[in-house]
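Please open the structure in your viewer and keep the selection tool at hand.

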Amino acid sequence: MTAELETTVRGPQAYAFAHHVIDEMEKAGVWPTRLNFELWLHYLDDRESPLACEIDRLLAASDIISDEVSERLAAEFLPRGRLSEQIRDAGAVLDRELASVAHAIAKAHKTQADYGDTLADASNTIEAADAASPLKALVGGLSTATKRARRETAVLEKRLETSNKEIARLREHLEEVRREAMTDALTSLANRKAFDERLEQSCASGDAPLILAIIDIDHFKRFNDTWGHQTGDQVLRYVSTVLSRFSGGNRFAARFGGEEFAILFPGESAGTVLAALETIREEVASRALRRRSTNDDLGKVTLSAGFADYRPGEGPAALLERADAALYASKRGGRNRVTRAPALENAA
Ligand code: C2E
C-alpha cells in the first residue's frame with residue numbers, strides 16, 4: 001500500500017474514498033468481496049500502475065472479472081507484497097517489543113546495582129560511624145533507594161505484561177497470515193501451496209498406506225463459456241463444499257488449480273477410497289444447479305477422478321504423475337468416473 005493510500009484510508013477522507021471504491025466496483029460489475037475491494041483500492045489509487053493497466057485492459061475487453069480472475073490479479077500484482085508487508089510489519093513490532101523489554105531489564109539491573117552500591121556505602125559508613133546523626137541520614141538514603149528499586153520493578157512487570165500481550169497478539173496475526181497464505185480464497189479449501197507441503201511431508205514420512213486422488217470437473221471450460229465466469233465460480237464452490245463434506249478426519253482436500261482438486265487419504269485402503277470418491281462423484285452429479293441470476297438450469301456437474309497408491313520410496317512428483325495418468329484414463333474412458341492407477345505388480 002502506498003504511503004498516500006495508507007494516509008487516505010486512515011484519514012478524514014476514508015469513508016468518502018471507500019464509497020467511491022464501492023461505486024467504481026459496482027460500475028465495473030464486480031462482486032463486493034474483500035479481495036475485489038483491495039484490488040480496487042489499489043486500482044483507483046494509482047491508475048498508471050501495472051495492476052490498473054491490467055484491470056483497464058480487462059474492462060475494455062468487457063472481460064468478466066470473476067473471483068478466479070481477481071485471484072489471478074492479486075497473485076500477480078498484490079499478494080507477495082501484501083504478505084511480506086504484513087510479515088515485515090509483524091516482525092518490526094516484535095523487534096520493537098524485544099528491544100523495549102531488553103531496555104527495561106537493563107534499567108532494572110542498573111537500579112539494582114545502584115541499590116547494592118548504596119547498601120555497601122551504608123555498611124561502610126555504619127562501621128565507621130560514631131554518632132547517631134549520619135546513621136539516620138544513611139537509613140533515609142537506604143529507604144529512598146529501596147523505593148526506587150520497587151518502582152522500577154513494578155514498571156518492568158507492567159512492561160513485560162504488555163509485551164507478552166502484544167507478542168500473543170502478533171503470534172495470532174502471523175498465524176492468520178499463514179492460514180490465509182495456505183487457503184484458496186474462492187473455495188476456502190487448502191490451496192496448491194498447502195497441498196504441495198502436505199504431500200511432501202506425507203511422502204517424506206514414508207507412512208503407508210497413503211492414497212492420492214486427483215479430481216477434475218468435466219467440461220468446465222464449456223460450462224464457463226456458456227454461463228459466464230461468475231457462475232463458473234459458483235460451480236467450483238459447489239464442488240468444494242461436497243469435497244469438504246467427505247474429507248473430514250485425516251483426509252486432506254485442496255484446490256489443486258483451476259477446476260482440479262486433490263485429496264490425500266492417509267491410512268485408508270484402496271477400497272475405502274474408491275467408495276468415497278464414488279460417493280463424491282454421485283453426490284455432485286445428483287444436484288440440479290440453477291443459475292442464480294436467471295434461474296436457468298445449469299445442467300449436471302460431473303467429475304472425473306484418478307487415484308494412486310503411494311509406493312514406499314516414491315517422490316511426490318511420481319505419485320502425482322500416476323494419479324494424473326489415472327485421471328486421464330477416466331477422461332478417455334468417457335468421464336464421470338473414477339480410475340485407480342495400476343498397482344505395483346501390474347505397473348509397466
Ligand atoms: P453459497 O451461495 O454461499 O450458499 C451457501 C449455502 O447456503 C448453500 O450450501 C446452501 O446450503 C445455502 N443456500 C444458498 N442459496 C440457496 C438457495 O437458493 N436455496 C437453498 N435451498 N439453499 C441455499 P451448498 O448447497 O452446499 O452450496 C455451496 C455453494 O455452491 C454455494 O455457496 C454456491 O456457491 C454453490 N451452489 C450450490 N447450489 C447452487 C445452485 O443451484 N446455483 C448456483 N449458481 N450455485 C450453487
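In which loop does P209 lie? Select P209 in this predicted model: the residue sits in the loop between α8 (192-205) and β1.

**First stop: backbone features**

Display the backbone at A208 and P209. The peptide bond joining these two residues is cis, with omega of about 0 degrees. Most peptide bonds are trans, and most residues other than glycine have a negative phi.

Next, select H219, which belongs to the loop between β1 and α9. H219 is not a glycine, yet its phi is positive, at about 50 degrees. Is H219 buried, partly exposed or exposed? H219 counts as partly exposed because its relative accessibility is 36%, a value that falls between the limits of 20% and 50%.

Then move to N295, in the loop between β4 and β5 (297-299). N295 likewise is not a glycine and has a positive phi, here of about 70 degrees. With a relative accessible area of 48%, N295 is partly exposed.

**Second stop: the ligand**

Select the ligand and display the residues around it: Q234, R237, Y238, T241, R287, L289, R290 and R292. By class, this shell consists of four charged, two polar and two nonpolar residues. Which element supplies the largest share of the shell? It is α10, with four residues. Both α10 (229-245) and β4 (289-290) contribute at least two residues each.

Now show the distances from ligand oxygen atoms to the protein. An N or O atom in the side chain of R292 is 2.6 Å from a ligand oxygen. For R237, a side-chain N or O atom is 3.1 Å from an oxygen atom of the ligand. At Y238 the backbone takes part instead: one of its N or O atoms lies 3.2 Å from a ligand oxygen. The ligand taken alone exposes 780 Å², of which the protein buries 54%.

In soluble globular proteins, nonpolar side chains tend to be buried together. Select I217 and V239, the two residues that touch the most other members of the largest nonpolar core, which has 32 residues. Two or more residues of this core come from each of β1 (210-217), α9 (220-227), α10, β3 (260-266), α11 (270-286) and β6 (303-309).

Which residues does V239 contact, apart from its neighbours within four places in sequence? They are I217, F261, V284, V301 and L303. A separate second core holds 22 residues, among them F195, L210, A262 and A326.

Finish at E24, in helix α2 (residues 14-28). Why is E24 classed as buried? Its relative accessible area is 18%, and buried means under 20%. Display the side chains of E24 and K27, which are joined by a polar contact of 3.1 Å.

Methods: Residues are numbered from 1 along each chain as its sequence is written. This is a predicted model: local features need pLDDT of at least 70, side-chain atom pairs count only at pLDDT 80 or more; totals for chains, interfaces and linings use all residues. Side-chain values use heavy atoms; hydrogens and water are left out. A residue is near a molecule or strand if one of its heavy atoms lies within 4 Å of it. A polar contact is a pair of N or O atoms within 3.5 Å; within protein, one must be able to donate a hydrogen and the other to accept it, and residues adjacent in sequence count only if both atoms are side-chain atoms. Accessible areas come from the Shrake-Rupley method with a 1.4 Å probe; for residues, only the protein chains shown count as cover. Ala, Val, Leu, Ile, Met, Phe, Trp, Tyr, Cys and Pro count as nonpolar, Asp, Glu, Lys and Arg as charged, and the others, Gly among them, as polar. A nonpolar core is a set of buried Ala, Val, Leu, Ile, Met, Phe, Trp, Tyr and Cys residues joined through side-chain atoms within 4.5 Å. Buried means under 20% relative accessible area, exposed over 50%, partly exposed in between (1.4 Å probe, protein chains only). Contact means heavy atoms within 4.5 Å.
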